[in-house]
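Thanks for coming, everyone. Let me put the model up, and then we will go through strands, cores and salt bridges.

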Amino acid sequence: LLNCPTLRIHETSTRTMPQINRTKLTALAAFLALQSTSVLGFSSPGKISSSSRCNSGCLALQTSSNTVPSDVATETNSKEIGAASDLATQLLATCAEYGQIGSKLTEDQRSTVDDLASSLSSYSDPAPAQIDLRGTHDLIYSAAPGGSSGALGPLVGKVSQTFLDDVRFINRVELFGGIVKIELYAERKVLDETRIRVKFKETVFTVFGNEVKRGDVKGSGVWNYKFSGMVDVDGEKMLLRVMETPSTFVIVQRD
């Protein structure tokens with residue numbers, strides 16, 4: 001996890017707020033101080049290769065002197081989309097069974113999720129890091145320890161990403177049905193076809209819609225895509241993204 005400035009909640013702030021268990025607020029303050037840069041956790045940036053490629057077997061268009069008949073290509077694509085959707089259905093069902101916090105699972109359970117995630121790689125969009133990201137995306141699973149999975153002791157928060165434009169986005173953890181929100185503002189830059197570098201800007205902590213603390217955050221990390229693409233899960237179309245940071249993350253955006 002990347003270091004960040006210690007953020008504290010002032011006692012005067014909690015006095016003016018509607019009543020909420022102070023022990024929980026104290027725990028949330030500690031969480032913010034220690035985990036504010038780990039919301040949707042990140043790996044350390046690696047060396048950028050001068051020539052990057054999509055994963056072996058990805059659905060990249062191949063240049064060839066031979067023309068494939070359109071009906072054959074359509075049938076092949078349909079089969080591949082169907083196979084990706086079947087694997088995605090298995091992955092999301094497994095994550096729903098195990099829960100979003102991978103750090104609390106057994107090694108065998110985490111391996112099951114990782115194996116399903118890896119099996120999707122060959123069906124990924126050819127340049128997953130370059131797809132247009134808009135709106136809100138929900139975390140389904142995170143193998144990273146700490147707040148990036150939404151875990152705070154016995155509490156489990158809802159984790160999401162909201163993309164504001166081509167650069168800016170917000171990683172968010174919500175607790176108590178949104179009463180408490182921890183937001184990490186960040187910016188992103190595409191490095192190549194499979195990687196995005198993220199730089200952290202500031203963290204905002206709100207309770208009952210009131211801003212309690214705001215602080216600058218320094219640090220950066222990299223999303224390394226294993227899969228990105230539209231899938232059909234039980235008749236529902238959604239964008240599925242699977243990334244390593246290096247911990248595995250499974251994120252969806254539903255229509």
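A word on accessibility before anything else: buried means under 20% relative accessible area, exposed means over 50%, and partly exposed is in between, with a 1.4 Å probe and protein chains only. This is a predicted model, where local features need pLDDT of at least 70, side-chain atom pairs count only at pLDDT 80 or more, and totals for chains, interfaces and linings use all residues. Residues are numbered from 1 along each chain as its sequence is written, and side-chain values use heavy atoms, with hydrogens and water left out.

Strands next. Helices (H or I, at least four residues) and strands (E, at least two) are DSSP runs, numbered from the N terminus. Two strands pair if DSSP finds at least two bridges between them.

Look at strand E9, residues 220-233. Of its 14 residues, 10 are buried. On one pairing, E9 runs antiparallel to strand E7 (residues 195-207), with 5 bridges. There, arginine 197 faces valine 222. E9 also pairs with strand E10 (residues 236-244), again antiparallel, over 9 bridges. Methionine 230 has leucine 239 in E10 as its bridge partner. E9 and E10 make a hairpin with 2 residues between them, and aspartate 234 in the turn has a positive phi of about 55°.

Now the cores. A nonpolar core is a set of buried Ala, Val, Leu, Ile, Met, Phe, Trp, Tyr and Cys residues joined through side-chain atoms within 4.5 Å. The largest has 27 residues; among those touching the most other members are Phe169, Trp223 and Tyr225. Which strand gives the most to this core? E7 does, with 5 residues. Another core lies apart, with 22 residues, including Leu92 and Val231.

Last, salt bridges: a side-chain nitrogen of Lys or Arg within 4 Å of a carboxyl oxygen of Asp or Glu. The structure holds 12.

Arginine 110 meets glutamate 107 at 2.8 Å, N to O. Both sit in helix H4 (residues 107-119), 3 residues apart, about one turn. Arginine 110 is buried at 18%, while glutamate 107 is exposed at 54%.

Arginine 134 and aspartate 166 meet at 2.9 Å, N to O. Arginine 134 is in the loop between H4 and strand E1 (135-142), aspartate 166 in the loop between E4 and E5, so the pair ties together parts 32 residues apart in sequence. Asp132 joins these two in a network of salt bridges.

Finally, glutamate 236 and arginine 254 meet at 3.5 Å, N to O. Glutamate 236 is partly exposed at 33%, and arginine 254 is partly exposed at 42%.
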